[in-house]
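This report describes one protein chain, shown below. Please keep the sequence and the structure in view while reading.

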Amino acid sequence: MDKFRMIFQFFQSNQESFMNGICGIMALASTQMYSAFDFNCPCLPRYNLAYGLGILLVPPFILFLLGFVLNNNISVLAEEWRRPQGQRGKDPAVLRYMFCSMAQRAMIAPAVWVSVTLLDGKCITCAFCTSVPMETLGNASHHHLSQGEIQRVLARIPCKDIYNGQELIANEVAIRYLRCISQALGWCFVLLMTTLAFLVRSLRPCFSQAAFLKSRYWSHYIDMERKLFDETCAEHARSFAKVCIQQFFEGMSTDLVAARCHLPKKAPVDAGEAAEKLLGITDQGTMNMALKSWHRCKPPLHLHPPALPAGNGWAGEGQPPTHPSVPRRETAAYYSSV
């Protein structure tokens with residue numbers, strides 16, 4: 001139990017670890033879904049290919065979209081991409097990094113599904129059973145059946161209970177032939193995915209390490225900024241609701257006192273603290289204007305100290321005075337007097 005708790009705490013340590021855990025769970029879920037799936041080939045010439053390739057390709061596409069949906073950064077990416085320019089420019093490198101990061105994680109579960117499906121071989125057997133080379137594996141000199149009838153017989157190869165073409169080609173021979181091809185494709189796909197992952201992980205820092213670090217840093221910053229903004233808005237909403245409720249009950253108590261009902265007076269404990277958290281935003285219109293302003297013109301990413309008064313001789317010139325004639329304590333007193 002302690003090991004599971006440690007793993008859970010690791011997944012909650014940051015957004016990247018959490019999404020890696022989600023992708024791992026989705027990969028395990030994809031294998032369980034395939035093992036629980038009841039594969040039933042239609043055994044018809046015109047439907048085998050569509051059914052086999054559909055089972056091979058449609059669930060990975062759904063898992064890929066599900067990986068994007070479960071990723072919290074998709075909303076951050078869409079918001080950053082669609083927001084107005086405002087006072088802060090949009091960096092395309094950061095947007096590309098966020099999209100590539102989400103795409104790489106979302107590809108894990110589909111890759112697992114395709115690998116398991118190809119290694120199992122049922123989809124390839126169902127889809128390409130009518131393409132078995134009769135000249136090599138079967139009796140090509142069978143003159144009692146037309147080409148269409150041969151296709152109908154070959155389409156029943158995945159269905160052993162209704163297959164009736166043993167004199168044409170043995171059912172075990174055709175299934176083994178198609179399964180070997182499917183497993184070869186499966187191992188090639190696993191090797192290709194592993195090689196691509198190795199190249200991305202190992203060669204990317206060798207070419208653009210500085211750009212990669214900058215994109216990664218600012219993508220984390222955007223995510224963290226959004227979380228802090230949501231927390232600040234939630235705290236402001238809580239303080240706003242608390243002050244509104246306190247004012248409501250104070251008004252009710254005033255009405256009751258006016259009606260000659262003697263009530264015990266008790267000063268609110270946190271009224272002053274809640275009012276300070278409002279930061280001067282005390283009505284709905286001002287709050288809506290602040291939210292619109294945050295979306296339309298976010299502040300630039302440049303932290304600067306407060307501007308010094310213009311009368312000190314160097315404010316606005318870009319460089320402070322070279323002679324330290326005024327001590328730090330006297331400077332603070334001067335600012336406070338202004």
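Leaving aside residues up to four places away in sequence, isoleucine 169 touches Val132, Met134, Leu137, Gly138, Leu154, Tyr163 and Ala174; contact means heavy atoms within 4.5 Å. The model is a predicted one, in which local features need pLDDT of at least 70 and side-chain atom pairs count only at pLDDT 80 or more, while totals for chains, interfaces and linings use all residues. Residues are numbered from 1 along each chain as its sequence is written, and side-chain values use heavy atoms, with hydrogens and water left out.

The largest nonpolar core has 13 residues, of which Val132, Leu154, Ile157, Leu168 and Ile169 touch the most other members. Two or more residues of this core come from each of helix H9 (147-154) and helix H10 (171-258). Another core lies apart from it and has 11 residues, including Phe39, Cys41, Leu118 and Cys123. A nonpolar core is here a set of buried Ala, Val, Leu, Ile, Met, Phe, Trp, Tyr and Cys residues joined through side-chain atoms within 4.5 Å. Buried stands for under 20% relative accessible area, exposed for over 50%, and partly exposed for values in between (1.4 Å probe, protein chains only).

## Overall fold

The chain has 13 helices and 0 strands. Helices (H or I, at least four residues) and strands (E, at least two) are DSSP runs numbered from the N terminus. Of the 338 residues in the chain, 26% are buried. Among contacts with a separation of 6 or more, 77% are between residues 24 or more positions apart.

## Annotated transmembrane spans

In an unreviewed UniProt entry, the annotation "transmembrane region" covers residues 21-37, 49-70 and 184-203. UniProt positions are given in the numbering used here, feature names are shortened, and annotations may be inferred rather than shown by experiment.

Residues 49-70 are 100% helix and 0% strand, with end C-alpha atoms 32 Å apart. The span 184-203 is likewise 100% helix and 0% strand, and its end C-alpha atoms lie 28 Å apart.

Asparagine 48 belongs to helix H3 (residues 48-70). It counts as buried because its relative accessibility is 1%. A polar atom of its side chain lies 2.9 Å from the backbone nitrogen of leucine 44. A polar contact is a pair of N or O atoms within 3.5 Å; within protein, one must be able to donate a hydrogen and the other to accept it, and residues adjacent in sequence count only if both atoms are side-chain atoms. Not counting residues up to four places away in sequence, asparagine 48 touches Cys41, Pro42, Cys43, Cys126, Ala127, Cys129 and Ala155.

One of these residues, cysteine 43, lies in the loop between H2 and H3. Its phi is near 60 degrees, a positive value in a residue other than glycine. Cysteine 43 has 5% relative accessibility and therefore counts as buried.

Helix H5 (residues 92-106) has 15 residues, so at 1.5 Å a residue it should span 21 Å, in agreement with the 21 Å between its end C-alpha atoms. The expected span is 1.5 Å times one less than the number of residues. At the start of H5, a side-chain oxygen of aspartate 91 comes within 3.2 Å of the backbone nitrogen of alanine 93. The buried residues of H5 include Tyr97, Met98, Met102 and Arg105.

Arginine 105 is 81 residues from glycine 24 in sequence, and their C-alpha atoms are 9.0 Å apart in space. Glycine 24 lies in helix H2 (residues 15-36) and, at 33% relative accessibility, counts as partly exposed.

## Aromatic pairs

Rings of Phe, Tyr and Trp (its six-membered ring) pair if their centres lie within 6.5 Å; planes under 30 degrees apart count as stacked, over 60 as edge-to-face and the rest as tilted. The count by this rule is 10 aromatic pairs. Tyrosine 217 and tryptophan 218 form an edge-to-face pair, 4.9 Å centre to centre with 80 degrees between the planes. Tyrosine 217 is exposed at 51% relative accessibility, whereas tryptophan 218 is partly exposed at 31%.

Phenylalanine 229 and tryptophan 294 form a stacked pair, with 4.5 Å centre to centre and 5 degrees between the planes. This pair links distant parts of the chain, with phenylalanine 229 in helix H10 and tryptophan 294 in helix H12 (residues 284-296), 65 residues apart. Phenylalanine 229 has a relative accessible area of 23% and is partly exposed. Elsewhere, ring pairs link Phe37, Phe39 and Tyr51 into a cluster.
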